[in-house]
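Student: I would like to learn how to read salt bridges in a model. Please take me through some cases.

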Amino acid sequence: MSGGSQRDLRFGAYDLGMHLLIVEDDDRLRRLLKRLLEEQRHVVEVAATGADGYDIASTPGGGIDVLILDIGLPDMSGLDVARRLRREGIEVPILMLTARDTVGDRVTGLDAGADDYLVKPFAFAELHARLRALGRRTQSGPRRPEPRLKVGPIVLDETRRLVTIDDKPVELSPREFALLECFLRHPDQALTRDQLLDHAWPFGVAVTPNAVDAYVHYLRDKLGDAGQMIRTVRGVGYRLSDG
Ligand code: CA
């Protein structure tokens, strides 16, 4: 028997419980991110405009651990929000979201004071990994978890984006990596196809739950013998168990 509810993704072993602020004018994306991040036990505040986001992020003692900041906002650019915060000496880590991926955008974002940069569409697992990395950077202390996930012979190093089995590196696509991360974060839990889609696939990209079956198949192949640790749970989805 696994501990906790099988349908509940909240009870991960690597819980950070950060205080996050999402500044994003896309209502659907903002609500979805808030829900998924709250499921991971973060405290999440939201703003739909640059001005509101700036006000919350600059509130003295507000204690935001990481700011998720969209560049394309209705009233001002996310770049302007970042510049204003930095000019005021506010050093909250900023993860910038953008619809475009050009070297120019990346440099401009980093110049404006962003600490990291994520291009839409992205998967939740990718966003969450970046957030944890940024949170760790500023909140070093005894509660900070290892950025490594390990179940049996499989080790996933979030920071280096590296997977090894018995210390031998395994090449995975970004989707396979996100999928494996989801399994490793919730060992011995049956995960539904919808849960895996929510966490490992980019938001807003039309995919059917069958895509999960295909990618689990690829992932099992690439993991070799360790692939047998990913079991099919009839009528539900999949579960990763060691032994
Ligand atoms: Ca936007």
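Student: Is E181 buried or exposed?

Tutor: This is a predicted model, where local features need pLDDT of at least 70, side-chain atom pairs count only at pLDDT 80 or more, and totals for chains, interfaces and linings use all residues. Residues are numbered from 1 along each chain as its sequence is written, and side-chain values use heavy atoms, with hydrogens and water left out. Buried means under 20% relative accessible area, exposed over 50%, and partly exposed in between (1.4 Å probe, protein chains only). E181 has a relative accessible area of 2%, so E181 is buried.

Student: Which residue meets E181 in a salt bridge?

Tutor: Side chains of opposite charge can pair when their charged atoms come close. A salt bridge is a side-chain nitrogen of Lys or Arg within 4 Å of a carboxyl oxygen of Asp or Glu. Here the partner of E181 is R185, at 3.1 Å from N to O. R185 is buried too, at 8%. Salt bridges with shared partners join R132, E158, E181 and R185 into one network.

Student: How many salt bridges does the structure hold?

Tutor: There are 17. One of them links D116 and R130, with the closest N and O atoms 3.1 Å apart. D116 lies in strand β5 (residues 116–119) and R130 in helix α5 (residues 124–138), so this pair ties together parts 14 residues apart in sequence. Helices (H or I, at least four residues) and strands (E, at least two) are DSSP runs, numbered from the N terminus.

Student: Where does R130 fall on the accessibility scale?

Tutor: R130 is partly exposed, at 24% relative accessibility.
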